[in-house]
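Thank you for giving me a few minutes at this meeting. Please have the sequence and the model open while I talk, and follow along residue by residue.

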Amino acid sequence: MSLFDRLTAALAQPLEAPVLEADLDPHEWPEAKPAAVLVAITEKERPGLLLTRRNAAMRTHAGQVSFPGGRLDPGEDAVAAALREAEEEIALPRDHVRLVGSLEDYVTGTGYVVTPIVGIVPPDLDLRPNPAEVDALFEAPLDHILDPARQREEELTWRGRQRRYWRIDYSDHDIWGATAAMIVNLTRRLQR
């Protein structure tokens, strides 16, 4: 079965127990901002997951590892926003993304409702990080990043409350929070 077929089958059914911000009170963010990210998987013998490290000078989430993405512009849906943001952040041409589907929306502690859009991309595109938004672009092997043994749940105090979050280590990159949780949801889907 091809990678595209495996992903399509995995995304066809809802996940029974997705990772969400379980301890987030939905009333805490009555005006949550819609956003979308592109979960771009390279189509090759050992598929990879494209990730960025946000510019250290960004106002929010500075220096964090993330998927290309951001807020929805007026009149945009999640797919259009994810593709636009990937083109703006890493020069990924929209017409080179073969859309597969989406993962569960993820509500962040900073007031965003993020829709992860999953797509397959060719392996050797000329991608270039936009330095205004992205300090680094890297590709993590999918088999490494989706290995449950490399995914761990941790806890911290944030805004006066204990919060649980996911963390995944890859090379010298620290993947945590919403990005790690979305990866855990993808892992759980593919292991069903």
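Before we look at a helix, let me say that its expected span is 1.5 Å times one less than its number of residues. What we have here is a predicted model, and in it helix α2, which runs over 78-90, has 13 residues that should span 18 Å, so the 18 Å between its end C-alpha atoms agrees with the expectation.

Now let me step back to the chain as a whole, which holds four helices and eleven strands. Of its 192 residues, 48% are buried, and among the contacts with a separation of 6 or more, 66% are between residues 24 or more positions apart.

Where do the nonpolar residues gather, and which of them touch the most other members of the largest core? That core has 36 residues, and the ones that touch the most other members are Leu7, Ile41, Leu49, Ile145 and Ile175. Several elements give two or more residues to this core, including α1 (3-12), α3 (142-145), β10 and α4 (177-190), and α4 gives the most, with eight residues. If you pick out Ile145 and leave aside its neighbours within four places in sequence, you will find it in contact with Leu49, Ala140, Gln151, Ile168, Tyr170, Ile175 and Ile183. There is also a second, separate core, made of 15 residues, and Leu38, Ala40, Val97 and Ile117 are among them.

One of the partners of Ile145 is Gln151, a residue of strand β9 (residues 151-158). Is Gln151 buried or exposed? Its relative accessible area is 10%, so with buried meaning under 20%, Gln151 is buried. Its side chain reaches the backbone oxygen of Ile145 at 3.1 Å, and it also makes a polar contact, at 2.9 Å, with the side chain of Thr187. Beyond its neighbours within four places in sequence, Gln151 has contacts that include Leu146, Trp166, Arg167 and Val184.

Let me turn to the aromatic rings, where a search of the whole structure finds two pairs. In one of them, the rings of Phe138 and Tyr170 have centres 6.2 Å apart and planes at 15°, so this pair is stacked. Because Phe138 lies in strand β8 (residues 134-141) and Tyr170 in strand β10 (residues 161-170), the pair ties together parts that are 32 residues apart in sequence. Phe138 is buried at a relative accessible area of 9%, and Tyr170, at 18%, counts as buried too.

The other pair is Tyr165 with Trp176, which is edge-to-face, with 5.7 Å from centre to centre and 75° between the planes. Here Tyr165 in β10 is linked to Trp176 in strand β11 (residues 173-176), eleven residues away. Tyr165 is buried at 12%, whereas Trp176, at 31%, counts as partly exposed.

Between these two strands, in the loop from β10 to β11, you will find Ser171. Ser171 has a positive phi of about 55° although it is not a glycine, and at 64% relative accessibility it counts as exposed.

Finally, please look at two places where a charged side chain lies over a ring. Lys33 lies over the face of Tyr112, at 4.7 Å from the ring centre, and the charged end of Arg98 sits over the ring of Phe4, 4.5 Å from its centre.

Note on methods
Residues numbered from 1 in each chain as written. Predicted model: local features only at pLDDT ≥ 70, side-chain atom pairs only at ≥ 80, totals over all residues. Heavy atoms only, no water. Phe/Tyr/Trp six-rings, centres within 6.5 Å; stacked < 30°, edge-to-face > 60°. Buried < 20%, exposed > 50% of the residue type's maximum accessible area, 1.4 Å probe, protein only. Lys NZ or Arg CZ within 6 Å of the ring centre and 35° of its normal. Polar contact = N/O pair within 3.5 Å; in protein donor to acceptor, adjacent residues only side chain to side chain. Contact = heavy atoms within 4.5 Å. Core = buried A, V, L, I, M, F, W, Y, C linked by side-chain atoms within 4.5 Å.
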